[in-house]
Amino acid sequence: MKYVKAESVLPQSLVKEIQKYVQGETLYIPKPKAEHRKWGSRSGSRRIIDERNAKIKTAFSNGKPIQELACEYYLSSETIKKIVYKKH
């Protein structure tokens, strides 16, 4: 998150109004809800993890043991259990 001076992006009248509530402090203004993206959606990480999890579920349903999946995917047994038993 980068720092932006209010005077460079906001009208002076709005800066004066905000100064009634906050002066000399850092103020975080969040994005509108419609602008929020899920974690990893921009980088593609979410898709990669979803694909990995689908492979894990398929292997488990085909009889591969949890401990073997944990070793194969370098995950804990508990993480594998969360993946294979998650309801969707």
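In this predicted model, helix α3 gives the most to the lining of the second largest pocket, with 7 residues. Together with α3, helix α5 is an element that supplies at least two residues of that lining. The volume of the second largest pocket is about 240 Å³. It is lined by 12 residues, and those closest to its centre are Arg46, Asp50, Asn53, Lys57 and Lys86.

The largest pocket has a volume of about 670 Å³. Its lining comprises 20 residues, of which Val4, Lys5, Ala6, Glu25 and Leu27 are the closest to the centre. Two or more lining residues come from each of the helices α1 (6–9) and α2 (12–19). By class, 12 nonpolar residues line the largest pocket, alongside 4 polar and 4 charged ones.

The largest nonpolar core consists of 8 residues, namely Ile56, Ala59, Ile66, Leu69, Ala70, Ile80, Ile83 and Val84. At least two residues of this core are supplied by each of α3 (45–61), α4 (66–73) and α5 (77–85). Ile80, Ile83 and Val84 are also the buried residues of α5. These three lie on the same side of α5, because the arc they cover around the axis is only 90°. The buried residues of α5 pack against α3 and α4. For Val84, the contacts are with Ile56, Lys57 and Phe60 when residues up to four places away in sequence are not counted. Among these contacts of Val84, Ile56 is a member of the largest nonpolar core, while Lys57 is one of the residues closest to the centre of the second largest pocket. On the face of α5 turned away from the buried side, the exposed residues are Lys82 and Tyr85.

Lys55 belongs to helix α3. The relative accessible area of Lys55 is 55%, so this residue is classed as exposed, the cut-off for that class being over 50%. The C-alpha atoms of Lys55 and Leu69 are 10 Å apart in space, with the two residues 14 apart in sequence. Of this pair, Leu69 is listed in the largest nonpolar core.

The loop between α4 and α5 contains Tyr74. Although Tyr74 is not a glycine, its phi is positive, at about 55°. Tyr74 is exposed, because its relative accessible area is 75% and the exposed class begins over 50%. Ser76 is likewise placed in the loop between α4 and α5. With a relative accessible area of 40%, Ser76 is partly exposed. This value falls between the cut-offs of under 20% for buried and over 50% for exposed. Ser76 and Ile66 are 10 residues apart in sequence, and their C-alpha atoms are 9.2 Å apart in space. Ile66 is one of the residues of the largest nonpolar core.

Definitions and conventions. Residues numbered from 1 in each chain as written. Predicted model: local features only at pLDDT ≥ 70, side-chain atom pairs only at ≥ 80, totals over all residues. Heavy atoms only, no water. Core = buried A, V, L, I, M, F, W, Y, C linked by side-chain atoms within 4.5 Å. Buried < 20%, exposed > 50% of the residue type's maximum accessible area, 1.4 Å probe, protein only. Helix = DSSP H or I, 4+ residues; strand = E, 2+ residues; numbered from the N terminus. Contact = heavy atoms within 4.5 Å. 1 Å grid on protein atoms, 1.4 Å probe; cavity = no way out; pocket = protein on both sides within 12 Å on 5 of 7 lines; lining within 4 Å. Points joined across faces, edges and corners; volume = space filled by probe spheres on them. Nonpolar A, V, L, I, M, F, W, Y, C, P; charged D, E, K, R; others polar. Arc of directions from axis to C-beta.
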